[in-house]
Amino acid sequence: MRFTLNKRSRGVAVTATAIAAVAALVGCSAPSADNNATDGEVSGKITIWTWNAPGDGLEAAIPAFQKLYPDVEVDVQDVGNPAIWEKITTGMAAGGQGLPDVMNIGIDYMGNYVEQFPGQLVDLRDFGAESLESEFPSGAWKSGSGADGAVYGIPYEVNATGFFYRSDIFEQAGIDIDSIETWDQLIDAGVTIKEKTGVPLYNQDKAATEADSAGLWQLQTALQDSFYFDESGDITMNGEAGVHSLELIKKANDLGIVGDIQGSWDNLLAQLRGEKPTAIMPAGGWMAGVMENEAPEMAGNWGVRLPPSVEPGGITAAVNGGTYLSIPTASKNQKTAWEFVNFALGTLEGQKLVYEGGGMFPGYKPMLESEGFAAPSEYFNGQSPNAIFIAELAQDTPALNYTSDYARALKAYTDAQTRVLLSGADPQQALDEAADQVAQQTGRKLAD
Amino acid sequence: MNVLSSTARATAGPTAEAVPLDAAPRPPRRRRRSSIGHPRITPYLFLLPTIVLFLGFKLYPYLSAFWTSLTSNIGGVITFVGLDNYLRLLNDPLFYTALGNTALILVVQVPLMLALGIVLAVAFNSLLLKGRAFFRMAFFVPIVMGLVAYGILFSALFDSSAGIVNELLGYVGIGPIPWLVDPFWAKISIVIAMTWHYTGQNAIIYLAQLQSIPGELYEAAQVDGANGWQRFRNITLPGLRPALLLTVVLSTIGTLQLFDEPYVLTNGGPDNATLTVGMYLYQNGFKYFDFGYASAIGYALTVIIAVVSLIQFRLFRERAPKPISLKKPTSPKEKTR
């Protein structure tokens with residue numbers, strides 16, 4: 001009977017089987033600190049899991065690394081984002097089976113992996129990583145470390161929020177971008193832009209069926225010094241700041257100045273290239289590199305500045321995630337993996353190669369201070385994106401506590417936003433429902 | 001029966017058919033195990049691969065998942081929590097959303113698909129149809145289509161801004177319809193995709209059953225003056241009953257476990273409009289790392305499927321004994337199945 005079930009059932013059957021098998025392994029596999037692995041020679045082959053642009057960066061460091069260690073082969077695999085998170089989860093749940101030697105882990109997943117799968121990431125202090133601590137911004141370093149100081153990841157990207165805008169479109173609409181100080185003013189400008197040029201102020205994946213669609217809300221909420229959770233892990237997404245952000249998003253949407261584009265890499269590139277135009281593009285600092293690489297023909301049409309504040313005179317800097325390179329304890333070639341990570345992220349030579357290859361915004365201070373790093377960019381009309389990001393990172397940005405329940409909060413928020421954008425739900429009510437749902441699922445308290 | 005079979009086994013060999021129950025005592029009987037050359041363990045050896053696979057890949061995961069459903073990951077430690085996960089499930093509004101969506105899709109999609117399957121099967125069986133082999137194959141092909149190709153295909157078809165379906169509808173002045181991005185239409189899209197995917201399989205099952213209905217029944221009915229609809233209603237449908245039971249039960253189980261279509265097309269969205277129990281299980285396990293809760297959802301689903309299947313078997317069994325009767329009382333042909 002089971003064998004005659006049609007294909008539909010297989011997905012679940014496989015999932016159930018995997019979960020079962022996985023759970024058993026989690027229960028009994030104690031990760032072992034394999035001495036051979038740490039003392040081993042620097043040779044052989046290492047595999048790295050990452051995705052498109054960060055992968056390009058790491059690829060660029062390989063030839064120089066191989067000059068130091070000619071016997072080493074480095075295989076950079078573009079697993080894809082977000083597919084990589086599930087692959088890592090599956091591997092970790094299986095006690096490290098099938099994991100590569102180096103993994104590129106997002107700041108938003110770090111806490112989860114460390115909390116849910118203890119002992120699966122190498123404490124890089126085994127290799128003396130603590131000596132690098134002073135070379136990175138302390139906030140970024142701490143998010144990659146455990147409470148006891150264990151170092152689980154070396155910061156690869158450290159992203160401040162870049163507020164990118166189409167200078168040609170603003171010009172065409174007759175709006176001086178420098179005069180805009182708050183999001184309310186920006187939305188007013190968006191109405192003019194839509195009238196005069198037909199271009200939406202920004203595009204959103206309103207149904208959020210391809211990917212989460214919470215970036216704008218997270219930015220606006222961070223600009224009000226808030227997030228899904230506070231420092232103690234209580235739920236704050238339905239607080240005053242969160243509700244105000246969703247009200248701004250609803251206001252823009254109701255004014256008809258928000259385009260609806262499904263969230264995907266291709267659609268992002270189409271926006272950068274102006275094929276599906278947008279007037280603004282708030283994004284992580286990494287977007288500057290992607291723009292130059294993927295939309296060279298748009299040189300001169302993109303500008304960059306600090307994001308407008310939500311309240312007049314409010315915060316104009318926000319951290320927009322980041323990623324780490326980590327080594328799983330299951331790796332059989334940890335020493336070699338570490339040497340590569342250390343070369344790519346812990347030396348100026350490696351950092352330069354990686355930055356040129358992929359354009360990910362680095363956290364390595366000698367790199368930020370290096371000559372020419374904050375030089376004006378021709379692509380951005382003589383503006384310097386890097387100078388803006390360095391200035392932002394220097395501002396006292398609020399620490400974001402992702403907790404181990406970020407994924408649930410993200411999903412709950414995205415659903416609430418969809419209700420507001422597609423069905424006209426009330427922001428306060430939608431967020432209250434979302435917060436209650438997260439509380440019910442996780443047992444976390446709602447912050448007062 | 002027992003006596004017979006043990007006797008038969010005892011004398012297994014070319015003369016087995018000639019063994020009378022009161023066979024005269026034969027000397028070789030005592031040495032049967034060694035003399036036959038097949039030790040008693042042989043059948044079990046043949047079964048061993050299946051048994052090992054069953055134990056390793058079915059029974060063990062089932063038991064392990066059950067144990068997992070009684071545990072929770074608290075601060076990185078797998079902790080026994082008793083029935084907590086199940087109690088949480090009973091109070092989880094999203095689980096009920098998922099159940100409701102699944103039930104709605106089940107109620108709409110399965111009857112639609114099976115009705116379509118019957119129509120197709122009758123058409124495939126018709127002697128008037130030219131190129132029957134081609135059509136049969138064409139309708140069966142979707143079954144073998146891989147999940148990824150299927151997802152890409154339907155995403156391209158149903159894209160609300162640049163999709164082919166909306167483009168075609170535009171020519172006749174309809175739309176654009178927000179196929180995958182509106183809570184209502186997303187459900188419709190799932191139903192359409194599933195129907196496209198599985199109708200052919202059901203049609204093939206019906207076709208096989210149709211060919212077991214004797215042609216004389218139709219001839220006799222025709223002689224008695226039954227029109228086409230009456231023949232379909234009173235001969236074809238009753239004749240299809242065993243296949244109907246099979247397909248209803250299989251499709252119901254498949255739909256209750258629905259995962260592929262929402263996974264590749266809508267990701268359970270928008271706003272959980274296409275969240276199914278299978279999707280919710282997946283999210284909890286692989287997005288939120290909550291394997292205990294995911295396993296509890298899996299077991300809850302198993303119980304639901306068992307109950308629904310039992311009810312279906314009941315319903316069909318009660319109706320099955322009714323004799324097939326043509327409306328005209330002159331026809332005594334009560335073929336027992």
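Me: Which strand is A:D75 found in?
Reply: A:D75 belongs to strand β2 of chain A, which covers residues 72-78. Keep in mind as we go that this is a predicted model.

Me: Okay! Does A:D75 count as buried, partly exposed or exposed?
Reply: Its relative accessibility is 24%, so A:D75 counts as partly exposed.

Me: How far is A:D75 from A:I62 in space?
Reply: The distance is 9.2 Å, C-alpha to C-alpha, and the two residues are 13 apart in sequence.

Me: Let's zoom out. How many helices and strands does chain A have?
Reply: Chain A has 18 helices and nine strands.

Me: What about the overall shape, and what radius of gyration does chain A have?
Reply: Chain A has 22 Å, and a compact globule with 448 residues would have a value near 22 Å, so the two agree. Along the principal axes, the C-alpha atoms of chain A fill a box of roughly 65 × 60 × 45 Å.

Me: How much of chain A is buried?
Reply: Buried residues account for 58% of the 448 residues in chain A. Its accessible surface is about 17,300 Å², with 48% of that belonging to carbon and sulfur atoms.

Me: What about charges: how many positive and negative side chains are there in chain A?
Reply: There are 27 positive and 60 negative side chains in chain A, and the centres of the two sets lie 8 Å apart.

Me: Switching to chain B: where does UniProt place the "transmembrane region" feature?
Reply: The unreviewed UniProt entry places it at residues 41-60, 94-127, 133-158, 240-259 and 291-313 of chain B.

Me: What do residues 41-60 of chain B look like in the model?
Reply: That stretch is 95% helix and 0% strand, and its end C-alpha atoms are 24 Å apart. Residues 94-127 of chain B are 94% helix and 0% strand, with end C-alpha atoms 51 Å apart.

Terms used. Residues numbered from 1 in each chain as written. Chains lettered and ligands numbered in written order. Predicted model: local features only at pLDDT ≥ 70, side-chain atom pairs only at ≥ 80, totals over all residues. Heavy atoms only, no water. UniProt positions renumbered as here; feature names shortened; annotations may be inferred. Helix = DSSP H or I, 4+ residues; strand = E, 2+ residues; numbered from the N terminus. Rg over C-alpha atoms; globule rule 2.2 N^0.38 Å. Buried < 20%, exposed > 50% of the residue type's maximum accessible area, 1.4 Å probe, protein only. Areas by Shrake-Rupley, 256 points an atom, 1.4 Å probe, with all protein chains shown as cover. Lys, Arg positive; Asp, Glu negative; His and termini not counted. Charge placed at Lys NZ, Arg CZ, Asp CG, Glu CD.
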